[in-house]
Number of protein chains: 2
Amino acid sequence: MATMQDVARLAGVSLSTVSYALSGHRTVSAATRERIVSAMEELGYQPNAMARGLASRRSRVLALVYPAAERGLGGTVAEFVSAAAEAAREKGHHLVLWPFRTDQADEVRDLVLQGMADGVLVMEVTLDDPRVTTLRDAGVPFTMIGRTRDVAGLPSVDVDFERTTREAVDHLVGLGHRHLAFVNHSEATAAEGYAPTFRAEEGFAAAVRAHGLEPVVRRVDESPQAGREAAAELLDRSPRPTAVVTMNEIATFGVVAELQQRGIGVPDEMSVLAIVTSPGVADMSNPPLTTMHSPGADLGRLAVATLLSQVAGDPPPAAATLIPCTLEPGRSVGPAPGAPPAPAGAEPHP
Amino acid sequence: MATMQDVARLAGVSLSTVSYALSGHRTVSAATRERIVSAMEELGYQPNAMARGLASRRSRVLALVYPAAERGLGGTVAEFVSAAAEAAREKGHHLVLWPFRTDQADEVRDLVLQGMADGVLVMEVTLDDPRVTTLRDAGVPFTMIGRTRDVAGLPSVDVDFERTTREAVDHLVGLGHRHLAFVNHSEATAAEGYAPTFRAEEGFAAAVRAHGLEPVVRRVDESPQAGREAAAELLDRSPRPTAVVTMNEIATFGVVAELQQRGIGVPDEMSVLAIVTSPGVADMSNPPLTTMHSPGADLGRLAVATLLSQVAGDPPPAAATLIPCTLEPGRSVGPAPGAPPAPAGAEPHP
DNA sequence: GCGCTTCGACGAAGCGCTTCGACAATGACC
DNA sequence: GGTCATTGTCGAAGCGCTTCGTCGAAGCGC
């Protein structure tokens with residue numbers, strides 16, 4: 001590989017001038033820069049990442065810590081990852097994935113202290129996350145995707161569950177629904193302190209009550225079978241719900257399957273609105289689901305921007321940045337049975 | 001951060017002695033080593049990855065190139081990734097994930113030339129993969145997971161589709177089945193040159209014919225709906241298949257759903273054997289599926305070992321290493337209707 | 001006791017880059 | 001026309017580590 005010295009020689013300038021031309025940290029005349037650039041091209045020069053990292057004490061690498069082994073990488077996360085990787089690249093950084101379990105916080109810290117990365121994006125943050133303490137105490141720049149119980153001054157980005165559930169509920173109530181149920185993630189996720197389970201549940205209940213209605217909430221295992229059972233149980237309730245909001249993709253399939261098997265028309269007799277979904281799930285069902293799509297890409301870009309400002313030494317932002325899911329119409333949501341069809345573009349709020 | 005110089009000073013030895021104690025590239029007396037080790041602990045020393053990489057021209061990083069944006073990271077891949085990450089760590093390396101699309105071969109190459117990684121694991125290799133040519137021409141050490149059309153002397157590990165399908169077929173034939181169908185991945189994957197679609201299909205057909213039977217093969221979109229349609233079509237065939245082998249997880253759910261909806265008993269009237277599955281899918285169906293589980297973890301370990309030997313400069317292995325899937329009994333496979341129940345532990349081969 | 005090898009440790013020369021201080025050359029200003 | 005910034009470039013000092021050549025001190029056989 002050609003070195004910077006080779007480039008300098010070929011361009012007839014000094015080594016440092018090449019470096020400044022590359023980094024822009026000092027001005028270089030247009031003519032000189034041009035000679036340098038063409039020398040680089042001629043030599044196929046690639047800057048040595050290690051040398052650069054050593055001299056600048058910056059690896060230009062951002063690490064995304066994700067427990068891939070435990071969860072796999074679903075569609076939402078994939079969207080997040082690719083948006084984050086692209087955003088990082090635009091800023092001259094690289095995004096690497098560190099598949100560490102939640103309890104391997106020390107290894108993450110050590111890798112950063114060894115200079116393998118300048119900062120860390122921590123995904124799947126639980127309400128009480130050991131990694132956050134470790135990283136904070138070690139002075140490692142990081143940004144959370146999700147929030148701990150106590151958000152106090154730690155940089156984070158997250159889905160706006162409160163607004164997402166409110167919009168979901170408002171939408172359904174605007175269509176005349178009065179009996180709404182929520183199919184949440186499982187009790188097991190709650191036991192792990194998986195924050196979305198709590199935030200969405202609370203948001204849903206609050207939004208329903210704000211309409212003077214009574215929420216029905218079920219925590220359901222992540223399996224089609226559990227979804228079927230939940231649907232069966234909801235159908236037996238009196239009053240029977242006419243709309244169900246789900247935040248549990250796998251169970252959602254079970255819910256829809258059970259409804260179909262019982263001959264309950266979707267959306268004529270029961271509306272199904274899947275929230276915080278990943279791309280592509282809508283079309284895995286028939287009729288295609290109406291969903292509220294998780295803002296994975298936006299979160300990815302935002303998380304990288306936030307982390308880079310942490311790496312640069314900026315003070316942490318006062319509050320978490322929250323982004324709601326966006327409604328993507330499908331054919332699983334309709335007016336409540338017996339309700340007048342909602343006027344197009346009607347304001348869903350009472 | 002403490003440097004190696006600090007450690008040397010505290011231990012009362014020279015810098016180079018510390019280095020040799022750490023690397024083992026030269027002998028260091030036990031007493032000296034012990035002083036060094038305790039000095040390291042006292043200072044909380046972490047070797048600087050950049051400096052080490054610069055001096056040794058080795059980053060000790062292996063990159064896993066995976067088009068996460070396109071595919072998401074399913075269960076199989078997650079198993080692979082975590083096994084590979086662990087294997088790498090055991091060898092003093094780090095595994096990072098580079099989420100590049102298949103057409104970003106140049107970026108992968110450049111990153112390696114910049115010294116960000118010593119070698120590359122290329123996942124989801126297609127029959128004619130542009131990345132393979134680019135990496136080979138650039139002299140970048142790499143190992144493929146999967147195989148190109150032409151395996152000639154390129155290091156690779158892969159699922160043994162031939163043996164997996166043969167064992168699946170033998171198992172079913174041993175249970176008395178005479179009419180076997182295969183639900184494959186979609187035509188779209190075939191168009192992309194996705195190798196498993198071809199290898200499994202060919203393996204299945206050959207295995208069935210080896211028993212003097214006639215294979216039925218369908219390429220099915222990756223959706224439950226497409227699975228339902230495939231099942232419906234298979235049921236209408238004459239003779240009607242009594243066993244279906246599937247290699248398409250999402251479609252498999254549709255197949256099972258359609259069978260259930262039509263009241264076709266699984267496995268009494270129809271056996272379903274899902275091959276190349278990821279963990280957990282068996283239990284997402286009811287009854288739990290009999291599966292042949294993808295050897296993701298073994299492949300991960302093997303791929304890392306192969307890549308490290310490439311990085312060390314060994315000649316590429318003559319042939320690809322293939323690992324079959326392993327049969328995991330569930331309750332979706334049984335004797336053919338009307339066939340005598342297979343004796344326990346019966347040899348499935350005729 | 002002599003030369004011989006072996007062992008353990010040291011010093012110094014890089015690895016390829018960033019960045020600081022220095023310094024001509026140029027232009028602006030009164 | 002002298003002073004003072006400003007601009008563009010250079011040389012050199014590291015960044016923290018690996019590794020080569022070297023060398024004193026033991027250990028060996030005879």
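**The interface of chain A and chain B**

Tutor: Start with one pair. Arg89(A) and Glu107(B) form a salt bridge, with 3.3 Å between the closest N and O atoms. This is a predicted model, so every value here is computed from it. Between chain A and chain B the count is 2 salt bridges. Residue pairs in polar contact across this interface number 8, both partners being at pLDDT 80 or more.

Which elements of chain A supply the side that touches chain B? Those giving two or more residues are helix 4 (49-56), helix 5 (68-71), helix 6 (75-90), strand 2 (94-98), helix 7 (105-113), helix 12 (224-236) and helix 13 (249-261). By class, that side has 25 nonpolar, 14 polar and 4 charged residues.

Now the extent. The size of an interface is often given as the accessible area lost when the parts come together. Here chain A and chain B bury about 3,600 Å² between them. Carbon and sulfur atoms account for 67% of that. In contact terms, 43 residues of chain A meet 43 residues of chain B.

Next, the second largest pocket. Its space comes to about 1,200 Å³. It is lined by 38 residues, and the closest to its centre are Tyr45(B), Gln46(B), Pro47(B), Asn48(B) and Arg52(B). Both chains contribute: helix 4 and helix 7 of chain A, and helix 2 (15-23) and helix 4 (49-56) of chain B, each give two or more residues to the lining. Helix 4 of chain B gives the most, with 5 residues. The lining divides into 19 nonpolar, 12 polar and 7 charged residues.

Back to salt bridges. Over all chains the count is 39. One of them joins Glu233(A) and Arg218(A), at 2.8 Å from N to O. That pair links distant parts of the chain, 15 residues apart: Glu233(A) sits in helix 12 of chain A, and Arg218(A) in strand 7 (residues 216-219).

Follow chain A past helix 12. Pro239(A) lies in the loop between helix 12 and strand 8 (243-246). The peptide bond from Ser238(A) to Pro239(A) is cis, with omega near -5°. In chain B, Ser238(B) and Pro239(B) are also joined by a cis peptide bond, with omega about 0°. Pro239(B) is in the loop between helix 12 (224-236) and strand 8 (243-246) of chain B.

Glu124(B), a residue other than glycine, has a positive phi, near 55°. Glu124(B) is in the loop between strand 3 (119-122) and helix 8 (130-138) of chain B.

Note on methods. Residues are numbered from 1 along each chain as its sequence is written. Chains are lettered from A and ligands numbered from 1 in the order in which they are written. This is a predicted model: local features need pLDDT of at least 70, side-chain atom pairs count only at pLDDT 80 or more; totals for chains, interfaces and linings use all residues. Side-chain values use heavy atoms; hydrogens and water are left out. Contact means heavy atoms within 4.5 Å. Buried area is the accessible area (1.4 Å probe) that two parts lose on being put together, summed over both. A salt bridge is a side-chain nitrogen of Lys or Arg within 4 Å of a carboxyl oxygen of Asp or Glu. A polar contact is a pair of N or O atoms within 3.5 Å; within protein, one must be able to donate a hydrogen and the other to accept it, and residues adjacent in sequence count only if both atoms are side-chain atoms. Helices (H or I, at least four residues) and strands (E, at least two) are DSSP runs, numbered from the N terminus. Ala, Val, Leu, Ile, Met, Phe, Trp, Tyr, Cys and Pro count as nonpolar, Asp, Glu, Lys and Arg as charged, and the others, Gly among them, as polar. On a 1 Å grid over the protein atoms alone, a cavity is a set of points where a 1.4 Å probe fits but cannot get out, and a pocket is an open set with protein on both sides within 12 Å along at least five of seven lines; lining residues have an atom within 4 Å of a point. Grid points are joined across faces, edges and corners, and a volume is the space filled by probe spheres set on the points.
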